[in-house]
Amino acid sequence: MNLLERPRRLRATPIMRELVAETSVEARHLITPHFVVEGSGHCDEIASMPGVNHVSVDKLVTEVEADLKLGLKTHLLFGIPSKKDEHGSAALDENGVVQQALRALKEKFGQDIITVTDVCLCAYTSHGHCGFLENGLVVNDPSVEQLARMALSHAEAGCDIVSPSDMMDGRVSAIREILDDGGFVNTSILAYSAKYASAYYGPFRDACDSAPQGDRKTYQMDPRNAREGVLETLLDVAEGADMVMVKPALAYLDVVRRVREEVLCPVVCYNVSGEYSMVKFAAKAGLVNEEAIVRENLLAMRRAGSDLIITYHGRDALKQGWI
Ligand code: PBG
Ligand code: ZN
């Protein structure tokens, strides 16, 4: 055949494919979540998320030390308090799990790591909602005040990046204001901007014991809406977000792409618990090749336009040399 174009030429050998690869995923692109519990000596695997643990602060330090050796420098903390109440007051406790974890990590690792905290009330409230519940409704403005106080408390404990995941309106500007007033002008905000009401958070809600009464559809977004995801993201940028996030990742790569084209700041996607556990359990059942699936999924997120990926796969991927 007399063909002008033969794209297969550039796929002929592994090094030729390496030469022309458009996308890569590296350790520096990955953010590693941790579930921090009270007490000491705890490192217990979460049943719904094989390979992910509930850790107490002492074991968190051990875990982060091992991660650091693999090149994972950015760590996202979720607190699981032993006491919950209507307003999630434990979230503001200067000796709460997350605040203690932040101090322990900074003391041990200083500037070698970046700490990120999830700012949300759902793990701290007795009703499991991300804000205050009044007469059966999740109210916006009082919730925002509490979330801002929570962010300030994390900053005071040494957090580098606070990350509101509640989806209340106006929380990014409220957090920016309280941080600036408190002198924390250098604490960054990574906003969960286009966060959808998703069934993919199931294993996480088991891990955090944070399943809500009812659902989160009055504040998390409707999966039918992509344009609205861009709107939410642009609002967060205008309110002062330093980075924005799309969540979940795999079922929303169209949103990642659109957001990437609309903003100039770093775009993060969250490869959530359900996406992780589906791969883990399918691999355990021998249905898929975990290495190949994880690489393909992470590359898809990068190809869609994510600068950074929050993922539970990072440790395995680096330890086993999958990326
Ligand atoms: C808290 C929060 C959730 C996740 C991150 N922050 C759960 C939720 O909104 O219900 C999900 C993370 C995951 O599934 O891995 N609002
Ligand atoms: Zn929440």
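Is Ser 163 buried or exposed? I looked this up before anything else. Ser 163 has 1% relative accessibility, so Ser 163 counts as buried. Buried means under 20% relative accessible area, exposed over 50%, and partly exposed in between, with a 1.4 Å probe and protein chains only.

**Ground rules.** I am working from a predicted model, in which local features need pLDDT of at least 70, side-chain atom pairs count only at pLDDT 80 or more, and totals for chains, interfaces and linings use all residues. Residues are numbered from 1 along each chain as its sequence is written, chains are lettered from A and ligands numbered from 1 in the order in which they are written, and side-chain values use heavy atoms, with hydrogens and water left out.

**Ser 163.** I found Ser 163 in strand E8, residues 161-164. Helices (H or I, at least four residues) and strands (E, at least two) are DSSP runs, numbered from the N terminus. Not counting residues up to four places away in sequence, Ser 163 touches Val 116, Thr 117, Asp 118, Val 119, Leu 190, Tyr 192 and Met 245. Contact means heavy atoms within 4.5 Å.

**Zinc site.** Next I listed the protein donors of the zinc ion (ligand 2): the SG atoms of Cys 120, Cys 122 and Cys 130, 2.2 to 2.3 Å from the ion. Donors are N, O and S atoms within 2.8 Å of the metal (3.2 Å for Na, K and Ca); water is not among the atoms, so sites may look incomplete. The spacing of the donor residues in sequence is C-x1-C-x7-C. Around this zinc ion, 4 donor atoms subtend angles of 99 to 120°, which makes the arrangement tetrahedral. For four donors, that word requires all angles to lie between 85 and 135 degrees. I also noted that Cys 122 and Cys 130 are buried.

**Cysteines.** I counted 0 disulfides, a disulfide being a pair of cysteine sulfur atoms within 2.5 Å. Cys 208 is in no disulfide, and its nearest cysteine sulfur, that of Cys 122, is 7.1 Å away. Cys 208 counts as buried because its relative accessibility is 2%. For Cys 265, the closest cysteine sulfur is in Cys 269, 14 Å away, which is too far for a bond.

I then turned to helix H8 (residues 253-262), whose buried residues are Leu 253, Val 255, Val 256, Val 259 and Arg 260. They cover an arc of only 150° around the axis, which puts them on the same side of H8. The arc is that of the directions from the helix axis to the C-beta atoms. Their cover includes strand E10 (243-247) and helix H10 (290-304).

**Helix H5.** In helix H5 (residues 171-181), I found Arg 171, Val 172, Ile 175, Arg 176 and Leu 179 buried. These fall within an arc of 135° seen down the axis, so they line one face of H5. The face turned away from that buried side carries the exposed residues Glu 177 and Asp 181. The buried residues of H5 pack against helix H4 (141-156), E8, E9 and H7.

How values were computed: Four donors count as tetrahedral if all angles lie between 85 and 135 degrees; four count as square planar and six as octahedral if opposite donors are over 155 degrees apart and all others between 65 and 115; anything else is irregular.
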